[in-house]
Amino acid sequence: MLVVGGDGTLGQALVAAGGTGPVAIWHTTRRGGDVGQNRFQLDLADPEVQWRLPQQQFSTVFLCAGVTSIQTCEAHPELTRRVNVSQPLLLAQRLWDQGAFVVCLSSSTVFDGKTPFAKPTDVTEPLSEYGRQKLALERGLLALGERVAIIRLSKVIAPNNALFSGWRNDLMTGQVIRPFSDMAVAPVSLAFAVVAVHHIARVRDAGLHHISAAADASYADLANHMAAVLQAPAALVCPRSVAGTHVGFWPKFAALDCSALARLGFVAPPAFKAVDQFMMDASDT
């Protein structure tokens, strides 16, 4: 098993969870000085001839590496397309040819956010360069044939999420926070995402998959929920509109159609569940 992009938040979590199983899990790092047992250097910005893959046949490969910043993709489309599309496709082709089951961690940004509960079969119309790159990667991987799973994720909330951490600290110290009232979000906790992704890989369920919260919420809704959990004054949450800000893309709808998850034994959680999980994790640190 190999996680490409083991330095990232989702990649690290997949490595940690996979490390508890019977199959050895390898992962890549962009930092040349950080190699070690089952960890080797691989930078997708480098030419393919510079890659030094181990003499190891991987049963499953998770593609997690890439530039995830929407702003960076807009500012540097050629560079980020190389890292997010062309190079991952070259790597995936090599590993797929060796018999690997390829799991691509994609994004809900392949949709335009104008349709509620987008289905895996719905028309994809990304409105950002990042979304267009994710869609190009999806299409290239699916063209390989069988043994490919594309998992589109909504917002994933990790224990170290900067926005939620900032809200929590401000609310606990009596400071006002200003979440967006008109930007939809359908978050899932990192823990939920990792368990579902590993399961899809374990049962080798090829094709398109969606993972998101069961329904939309606004960022203001999530902030109000956090304030209630902390028993902070409701007046500390002062919602604002995203209009007129630097945010270039915001969806009207964020929740995806996750009905197929039931076939795998999973139920899409409520949006507030991600906040609750974050608060539990924060209280443990």
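**Close-up views of a predicted model**

**View 1. Trp-26, Phe-40 and Phe-58 are joined into a cluster by ring pairs.** Rings of Phe, Tyr and Trp (its six-membered ring) pair if their centres lie within 6.5 Å, and the structure holds 5 aromatic pairs. This is a predicted model, in which local features need pLDDT of at least 70 and side-chain atom pairs count only at pLDDT 80 or more, while totals for chains, interfaces and linings use all residues. Residues are numbered from 1 along each chain as its sequence is written, and side-chain values use heavy atoms, with hydrogens and water left out.

**View 2. The rings of Phe-164 and Phe-278 form an edge-to-face pair.** Their centres are 5.5 Å apart and their planes stand at 85°, where planes under 30 degrees apart count as stacked, over 60 as edge-to-face and the rest as tilted. The pair links distant parts of the chain, with Phe-164 in helix α5 and Phe-278 in helix α8, 114 residues apart. Both Phe-164 and Phe-278 are buried (under 20% relative accessible area, with exposed over 50% and partly exposed in between, for a 1.4 Å probe and protein chains only).

**View 3. Helix α5 (residues 162-172) packs with helix α8 (residues 271-283) at an angle of about 70°, their axes 11 Å apart.** The axes are lines fitted to C-alpha atoms over the stretch in contact, and angles run from 0 to 180 degrees between N-to-C directions; helices are DSSP runs (H or I) of at least four residues, numbered from the N terminus.

**View 4. Asn-169 has its place in helix α5.** At 44% relative accessibility, Asn-169 counts as partly exposed. The C-alpha atoms of Asn-169 and Phe-180, 11 residues apart along the chain, are separated by 18 Å.

Note on methods. Helices (H or I, at least four residues) and strands (E, at least two) are DSSP runs, numbered from the N terminus.
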